[in-house]
Amino acid sequence: MEKTFVYAFEEGDGRNKMLLGGKGANLCEMTQIGLNVPPGFVISTEACLAYLADPNRELPAGVMDQVRMHVTGLERKTGKTLGGADNPLLVSVRSGSAMSMPGMMDTILNLGLNRATLEGLIRQTGNERFAYDAYRRFIQLFGKVALGVADEPFDEVFEAAKQSAGVKLDVGLSARDLEGICGQFLEVVERATGAPFPDDPHAQLEIAIKAVFNSWMGKRAVDYRREFHITPAMANGTAVNVVTMVFGNMGEDSATGVGFTRYPDTGENRMFGEYLVNAQGEDVVAGIRTPRPIDALAEEMPELHRQLVELRDKLESHYREVQDFEFTIEKGVLYCLQTRNGKMNAQALVRTSVEMANEGLIDRRQALLRIQPQALEQMLFPRLAPMASHRPIARGLPASPGAAAGRAVFDADRAEQLGRGGQPVILVREETKPEDIHGFFASRGILTSRGGKTSHAAVVARGMGKPCVAGAEGIHVDVRMRQAFVGEHTIREGDLITLDGTTGEVYLGEVPMIEAEFSPELDTLLGWADAAAGLRVMANADTPEDAERALRYGAMGIGLCRTERMFNATERLPTVIEMIVAESPADRQHALDKLLPMQREDFRGLFRAMAPRPVTIRLLDPPIHEFLPSEQQLVEEIDRLRHLRDTVQGMNILSDAVEFIYRGGTDHPSVARLADPRLVEEAIDKKETMLRKVRALHEVNPMLGHRGVRLGLTFPEIYTMQIRAILEAAAECLQEGLEVHPEIMVPQVCTVQELKRVKDLVSFIRTDVEERYGVRLAFRFGSMLEVVRACMRAGSLAEEAEFFSFGTNDLTQAAFSFSREDAENKFLPMYNEHGILQDNPFEVLDVKGVGRLMELAVEWGRATRPDMKVGICGEHGGHPASIAFCHRVGLTYVSCSAPRVPIARLAAAQAALDAAGGTGTQSL
Ligand code: PEP
Ligand code: MG
């Protein structure tokens, strides 16, 4: 039997999006549930893939026979004939793959028109203007998409015709004007292609089908798939939908529009949409005329508004997901042309998840699974500070919320160029087109002077979570001059502007911004997530302020406090340096005695902020020379001091200037007045001591050098001070009646002997602190696993460690032998581009290598200590795919930076639900 490539809407399987594409599957399903869909059929993605694989670019055998058979079916259903002069059938030929890629592939409307059918259409509708309007649209679209003719010569003809008719908008053109335009358009095509415009509708159909298939491999589509990581497993080839044309431009009782079953920017449970009377679908999306809000239809066409609300309810209760649909009203009859899951920003996704679950439309599991965790990042976007005193210079539609500031650029290529160079960029256009997509990727925000909330710019920006102000009609954009004019203001390329996509306001300059706050719905959703998750989510936080922020994001404790960050504070650095350059244990102890109360205060702040949650404190990790100035810097400073000593003899001394120089400064106003050689000599001495120390501490390979526990064991007084500070802080908190759970973590461990020695120190200090404070301390002692040998010896380390935490930054470095400092800006981009490595292993956990080490370590560690708590605190702890892996291998917790905590909470829930058999449905 011949393979089936073509399916009528009545027969296609609505669940088979891979075969029929999302649009085709939905058209089938909508037809089958009784919605008023114009008759049509779908040519499968299998036909597309076979066509693209054929070097001669021929459609597979049988496809056109099946198409002709289905065209006959359409002719029967509609009573019209393709190419018939009396009652011509016109069709649209639309792309549609399994994943929605709005505007990225091609579509042709009004196919079937030629001079003969045009006459038939005029007779059939009695509307000459409408028929010529449809014809000129078809010639241009077919010319562009199927025959590769550029837009410009068409646009020039069209603009000239409007000028000579003295009209501003296309609706002002008469039938005669449009007839003239059609004639000239046919000439444009013939000139560009060297052949007459194809008149046979069956031939048109075959060319159009091939053109749509080809658009799957077009630059826009390929770029889009790469940017959004759409793999062949998610969408492979496009289907082609051939649909009977219905016309929204047949007069004042006709209209076309788009709707969302709920508000896509806020999630509010109310139909949102826009429409244009007497227009075709692309007019709304292209932003050529500014459409009216859907509520206005209730007054203009009340019965049709009622039918539209009914359609909205049916769509949502059937699909159980917010729908983005297109409709057309032809002479008072409502048709639904398309539906798909609505793309929403994070705020709307969260609100609709919670509300649809509360309404019983979906369950909590589905509510959690329909949001990609990464999308939550949008909710943490900045907003304009309410007190900012800037005045907007223009207002447009608030098309995609959030605020952004950047340098104005007027075309996508320039945006890409500057954006790649690291500049913040705002793309300013009259309207955007799908081919501007690379400019969107490079920009922080989008501003257009034309188009509605469903224009291309708005839809794409919302999907990407970038702020967008659309249809700011007060702005005149002159792309050629690279300028925009707003009242008396001129925005030139490179000028800083700020957009507020939540209010639609545009500002000159950079307006101060503030962090976003959690919505109550997000709190609810993340509460459900915590209940569903297996993993606990901790934060990496080094200060009480970090800890408080992490708590606001829902952290369940601190999984990593890097104590070295506390040493870096400006006022502490001199004492830290004193400790490092100390020539004797007594001198070092003197400095440590000064540091102890500071550290104790740090830890007390953290314990207080997090009580009663666990706080994991890592003992000092980096090589101590990181706290010292470089050798070169010291040599230069000593030279300068010597020069000073030789030149200022005999003048009065200002000791603060000496002190200043000692700390590294040279341009203090008092320097010139320095005179006391004794003090200068002393400063030189100190610098020379430091230089000696820096030279002594020098290592060829510091990341593999004297750091972490190695340092702790060679200078036990440093770890002694830190352990004492931790335990004394805990004791003080206990005395205050707080419940605290400190965890002491040792970095860079590779053998159990290291752990034993630190543990002995801990036991000794514990006894002393407990006696002095009269309390019983409860805490855990654990090890980082960030050295390959530690993973291999996990069974042995577990004899001493009560918990493990994978330091996957160092572990990745060690497993790959890639420097974490250098690889990402040296060879890794090339590795990724050429597919030598699929991802950046410092961002996405390398499950096959590093992950395997982790898996073994978990298994061996728990063989020794079955209740072993195991977590991860490298950067991967906040990455959704890595979190899913951590769940699979049985980790207890993940720890990540505070702003990633909400993302990790949702990812942890999804990992648990996915493991239980669910899959996500919504994507950005
Ligand atoms: C790690 O190595 O993954 C880690 C958390 O430690 P750091 O990044 O401080 O080396
Ligand atoms: Mg590390």
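Reply: The protein chain has 924 residues, and 57% of them count as buried. Buried means under 20% relative accessible area, exposed means over 50%, and partly exposed lies in between (1.4 Å probe, protein chains only). This is a predicted model: local features need pLDDT of at least 70, side-chain atom pairs count only at pLDDT 80 or more, and totals for chains, interfaces and linings use all residues. Residues are numbered from 1 along each chain as its sequence is written, chains are lettered from A and ligands numbered from 1 in the order in which they are written, and side-chain values use heavy atoms, with hydrogens and water left out.

The chain holds 35 helices and 31 strands. These are DSSP runs, numbered from the N terminus: helices are H or I with at least four residues, strands are E with at least two. The C-alpha trace spans about 105 × 70 × 55 Å along its principal axes. Look at the contacts with a separation of 6 or more: 69% of them join residues 24 or more positions apart. Contact means heavy atoms within 4.5 Å.

The domain assignment gives domain 1 (382-514), domain 2 (533-623 + 704-915) and domain 3 (627-698). Such bounds come from an automatic or database domain assignment. The centres of domain 1 and domain 2, taken over C-alpha atoms, are 42 Å apart.

Now the close look. Find the magnesium ion (ligand 2): its protein donors are Glu786 (OE) and Asp810 (OD), at 2.0 to 2.1 Å. Glutamate 786 sits in the loop between β28 (780-785) and α29 (788-792), and aspartate 810 sits in helix α31 (residues 808-816), so the pair ties together parts that are 24 residues apart in sequence. Donors are N, O and S atoms within 2.8 Å of the metal (3.2 Å for Na, K and Ca); water is not among the atoms, so sites may look incomplete. Both glutamate 786 and aspartate 810 are buried.

Some backbone spots come next. Most residues other than glycine have a negative phi, and most peptide bonds are trans. Alanine 611 and proline 612 are joined by a cis peptide bond, with omega about 5 degrees. Proline 612 lies in the loop between α22 (585-610) and β26 (614-618).

Glutamine 748 is not a glycine, yet its phi is positive, about 65 degrees. Its loop runs between β27 (741-746) and α28 (752-773). Glutamine 748 counts as buried because its relative accessibility is 4%. Arginine 320 also has a positive phi, near 50 degrees. Look for arginine 320 in the loop between α12 (302-319) and β9 (323-330). At 43% relative accessibility, arginine 320 counts as partly exposed.

Last, find leucine 113, in the loop between β4 (107-111) and α4 (115-125). Its relative accessibility is 0%, so leucine 113 counts as buried. Leaving out residues up to four places away in sequence, its contacts include Leu90, Ala134, Tyr135 and Phe138. The C-alpha atoms of leucine 113 and aspartate 199 are 7.6 Å apart, although 86 residues separate them along the chain.
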